[in-house]
Amino acid sequence: MTASQQWADRLKAVVPWGSSTCSKAAPYMPDEPGVIVRGNGCRVWDADGKEYIDYRNSLGPVTLGYRFPAVDEAIRKQLEAGIIFGHPHPLEGEVAEMLCEVIPCAERARFLKTGGEAIAACIRLARCHTGRDHIVHIGYSGWLNALSSGGSTLPGTVSDSVPPGVPAALSALHHVRGWNDREALEEIFAKSADQIAALVVAADYARMSEGETFYPFLRELTDRHGAVLIYDEIVTGFRIAIGGVQEYFGVVPDLAVFAKGVANGMPLSVYCGKAEIMDKLDKAIISSTYAGETLTLAAAKAAITTYLGADVVGHIWRHGEKLWQGVNALFREYDLPAAAKGFWSCPLLSFDPKGPADLQERFFRAAYRNGVSLYSVSYVNFSHQDAEIDETLERLEGAVREPS
Ligand SMILES: Cc1ncc(COP(=O)(O)O)c(C=O)c1O
């Protein structure tokens, strides 16, 4: 038995799912690593010393690369001065100022630790601001906000009933509608506009380009009905553009959440937006002990400084294009009904449902065996260079050539 398998068994015995993050649990053992013990740049190593070129990036947050020197140095330096204090630290103000510079909707910014809780904070604020209770959701916005029947309980999964553990009365305040389903959105607002506090939208990765007209539609719809427009930029921020889809498509929401990508993997979420709404925080009380923890804020300052000094977003797009066009060419060459769809900086690996039922599993397993770690939404980071993309494509060619 490999060390990775032993760890997977130990984890399963004591940690439900074998991981505190459902999407990190490994379904494709023994090809998939049960645990990762270290990373460097764009590579990671499992407990048996096997190396992988990594596109999971901790499921999004590692945008610059593992052990990125400027970020790690900032953390080490701050560690010398202490981790967290009983009063605010200057970094809290400095990082908030930087975010207000780079995020179009941000006149005020405040911190939490996870994306889901920051979305929940925006929902609380929107309810306080409008005096209304109902929320319309598009896409996955964290476990805390997966409350309604038909909603996304995990990225890529949908519940067909009220999610277990959620009170029916709470669930009834939350309504899920599909990405770019304009008719259904018009309908719910026509029926209950005076009760809808906010619309929360997380982009559909495969159909991101529809944002060009869908975001203006959402802006007009929420303005017309007096609802707060909240963008979940947890994945799109610092990846599609520094300022996320609101910068890319030029349509500014009232509130937004950024998280993965702000601090290269250190736990930080940002809820930000118009002063008129954010200043309602004097009434809607949101407070958390660890929000201003300084190692993370030091990492955020270093990461944002890197983003502003180097063309990180351009790098991610260009290298993403090279990788995913190469992968799509392999799929075509080997006649596999699959494709990377969406924007090059965060595409969805999509497997044709009319193709072989086990194609996705076979492809992921073979990729792991050949030393490439993928996920349904896989990301190129700032540490993937041309040589690593070429090496990845060679390894993936080895994977798709394996006999099935
Ligand atoms: C688009 C989106 N929103 C929200 C979340 C939840 O963030 P967190 O896991 O930090 O609560 C995720 C996490 O995968 C996400 O991808």
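User: Which residue is the bridge partner of W45 in β3?

Analyst: That would be E51. Before we go on, this is a predicted model, where local features need pLDDT of at least 70 and side-chain atom pairs count only at pLDDT 80 or more, while totals for chains, interfaces and linings use all residues. Residues are numbered from 1 along each chain as its sequence is written.

User: Good to know. How many bridges join β2 to β3?

Analyst: Three bridges join β2 (residues 43–46) to β3 (residues 51–54), and the two strands run antiparallel. Two strands pair if DSSP finds at least two bridges between them. The names are DSSP runs numbered from the N terminus: helices are H or I with at least four residues, strands are E with at least two.

User: What is the order of the strands in that open sheet?

Analyst: The order of its four strands is β1-β2-β3-β13, and the pairing is mixed. β1 (36–40) and β13 (372–373) stand at the edges with a single partner strand each, so one side of each has no neighbour in the sheet.

User: Switching to helices. Which residues of α2 are buried?

Analyst: In α2 (residues 69–79), the buried ones are V71, A74 and Q78. A residue is buried if 20 or more other C-beta atoms lie within 10 Å of its own, exposed if 12 or fewer, and partly exposed in between, with C-beta atoms placed from the backbone.

User: Why do they line one face of the helix?

Analyst: Seen down the axis of α2, the buried residues fall within an arc of 60°, so they line one face. That arc is taken from the directions from the helix axis to the C-beta atoms. In general, an α-helix has 3.6 residues a turn, so residues three or four places apart point the same way.

User: And what do the buried residues of α2 pack against?

Analyst: They pack against α10 (294–309). On the other side of α2, P69, R76, K77 and L79 are exposed. For contacts, two residues count if their C-beta atoms, placed from the backbone, lie within 7 Å.

User: How is the chain divided into domains?

Analyst: Domain 1 covers 3–60 + 311–401, and domain 2 covers 69–309. Those bounds come from an automatic or database domain assignment. The C-alpha centres of the two domains lie 26 Å apart.

User: How many residues of each are in contact?

Analyst: 17 residues of domain 1 touch 17 residues of domain 2. On the domain 1 side, α11 (312–333) and β12 (348–351) each supply at least two residues. α11 gives the most, with three.

User: How do the residues on that side of domain 1 divide by type?

Analyst: They split into nine nonpolar, seven polar and one charged. Here Ala, Val, Leu, Ile, Met, Phe, Trp, Tyr, Cys and Pro count as nonpolar, Asp, Glu, Lys and Arg as charged, and the others, Gly among them, as polar.

User: Is V313 buried or exposed?

Analyst: V313 counts as buried, because there are 21 C-beta neighbours inside 10 Å. V313 sits in helix α11. Leaving aside neighbours within four places in sequence, V313 is in contact with A241 and I242.

User: Now the ligand. Which residues come nearest?

Analyst: Of the 13 residues around the ligand, the nearest are T114, G115, G116, G142 and I234. A residue is near a molecule if its C-beta atom, placed from the backbone, lies within 6 Å of it. This shell holds seven nonpolar, five polar and one charged residue.

User: What about the phi of N57?

Analyst: The phi of N57 is near 50°, a positive value in a residue other than glycine. N57 is in the loop between β3 and α2, and counts as buried with 27 C-beta neighbours inside 10 Å. F238 also has a positive phi, near 60°. The place of F238 is the loop between β8 (228–232) and α8 (244–249).
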